[in-house]
Amino acid sequence: MSTPNYAHEAVSLNPSNGQVLARYPYQSPAELEAALQGVQKGFERWREVSVADRAEVLKKMAAALRANKDALAHMEAVEMGKPISQGRAEVEKTANLCEWYAENGPEMLAPQPTSVENNKAFVAYRPLGAVLAVMPWNFPIWQILRGAVPAILSGNPYVLKHAPNVMGCAYLLKETWDQAGLPAGVFEVINVDNAGVSTAINDPRISSIAVTGSTRAGAAIAAQAGAALKKCVLELGGSDPFIVLADADLDEAVAAATIGRFQNTGQICIAAKRIIVEKSIAQAFEEKFKAKVAALEVGDSLSETTYIGPMARYDLRDELDGQVKATISEGARLVLGGKKIPGAGNFYEPTILADVKQGMTSFVQEVFGPVASIIVADDAEHAIELANDSEFGLSGTLWSGDTDRAKELAARIVSGGVFINGYTASDPRVPIGGVKKSGFGRELSHFGLHEFCNIQTIWLDRR
């Protein structure tokens with residue numbers, strides 16, 4: 001299957017069979033200008049709406065998401081190959097996000113007192129203006145709303161430039177916001193090429209930029225944002241360590257590693273990509289892990305029993321296959337899988353590589369697909385050293401029967417988050433984001449809510 005030509009249009013195709021679903025011509029400069037004019041008018045109106053009334057719209061959005069759950073999950077399944085049961089779970093999770101911010105966000109945006117005497121000074125949270133969001137395809141609903149919901153509650157319009165292969169999801173989300181009663185110009189979808197993105201970044205009606213995607217894309221957009229003196233939040237690539245120490249509950253760790261690596265066909269920034277196992281249990285872990293992964297059902301994304309669907313893009317499957325072959329040529333051992341599945345669909349065998357060592361391709365690079373790399377550590381100290389030997393720092397996982405020791409070791413993992421005896425996940429109650437080449441800034445919780453606010457000091461009678 002050849003990669004579509006994205007020079008003049010966004011192309012949506014079904015990766016389960018390679019059939020083109022729709023073509024979306026890129027907007028002209030005049031159409032982009034009209035969209036930005038609408039966003040500016042939307043901002044002027046929306047910023048005057050009370051936080052309480054904005055929260056009511058979020059509650060209606062939660063209801064609209066649930067009403068459209070089947071349609072949204074179906075669109076995800078046919079556009080990017082997400083197994084439909086996982087798509088429904090994503091929509092439900094997103095509805096919960098809307099409700100959580102509707103309930104908790106207004107208090108977070110309320111004026112905050114300071115330590116200045118006699119309560120003469122306080123901090124207020126004001127909207128900055130429209131946020132341009134350049135977003136990926138792997139979670140076409142959750143990824144968008146986890147940024148849009150806090151931005152919109154803060155009084156900022158959200159301008160979505162979605163990945164070209166999931167524009168159907170983008171427009172269906174826009175329809176869902178409309179059903180929830182969000183005023184015009186507060187959630188806008190633009191369909192533009194790279195030049196159009198640059199135009200939007202430099203437009204004074206855009207206040208800030210949010211990017212989720214590759215390190216290369218994030219660096220390019222951040223450079224433009226910096227030149228325009230605009231704030232940006234970047235959630236970029238990851239090669240998350242999943243550490244299993246000798247005293248861990250092995251069966252639970254194997255089950256969590258299977259979900260943490262292969263959910264969403266392994267196409268998750270915070271997936272368990274480098275599985276680092278202490279030497280004394282490495283063989284037992286590998287055997288149990290192989291059995292679990294081999295039992296996962298691969299199939300059409302619309303099948304209710306499918307756990308691993310097709311990869312979202314054919315070019316990314318080629319890249320993944322190259323990484324697997326390179327790692328094996330460097331000395332890794334193939335335990336399971338390791339090949340493209342023949343046919344029109346964009347399927348790749350669930351794959352396990354063992355004896356992976358520092359410097360090998362799957363250790364160094366982000367591997368975005370259904371491929372797990374097992375790395376053997378001499379002991380806990382060596383496991384932490386291996387975990388930190390990466391240019392990425394998005395998240396990590398540590399399994400141990402000694403929680404106190406695990407917390408001490410987790411503090412030494414250089415990443416934006418560490419999950420002890422569980423697999424990494426995003427949740428509105430806690431922030432998500434990375435360090436090193438995984439980006440900067442935070443989404444979710446009150447940190448994400450305040451990222452795109454003007455944090456304004458008001459001081460009375462300062463003499």
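The model on your screen is predicted, with local features requiring pLDDT of at least 70 and side-chain atom pairs pLDDT 80 or more, while totals for chains, interfaces and linings use all residues. Residues are numbered from 1 along each chain as its sequence is written, and side-chain values use heavy atoms, with hydrogens and water left out.

**Two backbone angles**

Stay with Asn264, which sits in the loop between helix 9 and strand 11 (272-278); helices (H or I, at least four residues) and strands (E, at least two) are DSSP runs numbered from the N terminus. The phi angle of Asn264 is near 55°, a positive value in a residue other than glycine. Most residues other than glycine have a negative phi.

Now select Leu229, in the loop between helix 8 and strand 9, where phi is also a positive value, near 55°, in a residue other than glycine.

**The nonpolar cores**

Next, colour Leu65, Tyr101, Ile152, Tyr158, Trp177, Phe187 and Ile243, which have the most contacts inside the largest nonpolar core, a set of 91 residues. Such a core consists of buried Ala, Val, Leu, Ile, Met, Phe, Trp, Tyr and Cys residues joined through side-chain atoms within 4.5 Å. A second, separate core has 26 residues, including Val254, Ala257, Ile275 and Val293.

Centre the view on Ile152 and show its surroundings: leaving out residues up to four places away in sequence, Ile152 touches Trp46, Arg54, Tyr158, Trp177, Leu182, Val186 and Phe187, a contact being heavy atoms within 4.5 Å.

**The largest pocket**

Move on to Gly213, Ser214, Arg216, Ala217 and Arg313, which are the closest to the centre of the largest pocket among the 43 residues that line it. On a 1 Å grid over the protein atoms alone, a pocket is an open set of points with protein on both sides within 12 Å along at least five of seven lines, a cavity is a set where a 1.4 Å probe fits but cannot get out, and lining residues have an atom within 4 Å of a point. The volume of the largest pocket is about 1400 Å³, where volume is the space filled by probe spheres set on the points, and points are joined across faces, edges and corners.

The lining divides into 21 nonpolar, 14 polar and eight charged residues; Ala, Val, Leu, Ile, Met, Phe, Trp, Tyr, Cys and Pro count as nonpolar, Asp, Glu, Lys and Arg as charged, and the others, Gly among them, as polar.

Thr327, in helix 11, is buried, with a relative accessible area of 0%, and its contacts, not counting residues up to four places away in sequence, are Ala332, Leu353, Val356, Met360, Thr361 and Ser362.

Select Lys93, Phe139, Gln263, Ala425 and Ser426, which lie nearest the centre of the second largest pocket, lined by 32 residues. This second largest pocket has a volume of about 550 Å³, and helix 4 gives the most to its lining, with four residues.

The largest cavity holds about 120 Å³, and you can find it by selecting Gly147, Ala210, Val233, Glu443 and Phe452, which lie nearest its centre among 17 lining residues.

**Two wider views**

Lys69, in helix 3 (residues 69-80), and Ala284 are 215 residues apart along the chain, with 41 Å between their C-alpha atoms. Finally, select residues 11-458, which an unreviewed UniProt entry annotates as "domain: Aldehyde dehydrogenase"; UniProt positions follow the numbering used here, feature names are shortened, and annotations may be inferred rather than shown by experiment. The span is 42% helix and 20% strand, and its end C-alpha atoms lie 49 Å apart.

Note on methods. Buried means under 20% relative accessible area, exposed over 50%, partly exposed in between (1.4 Å probe, protein chains only).
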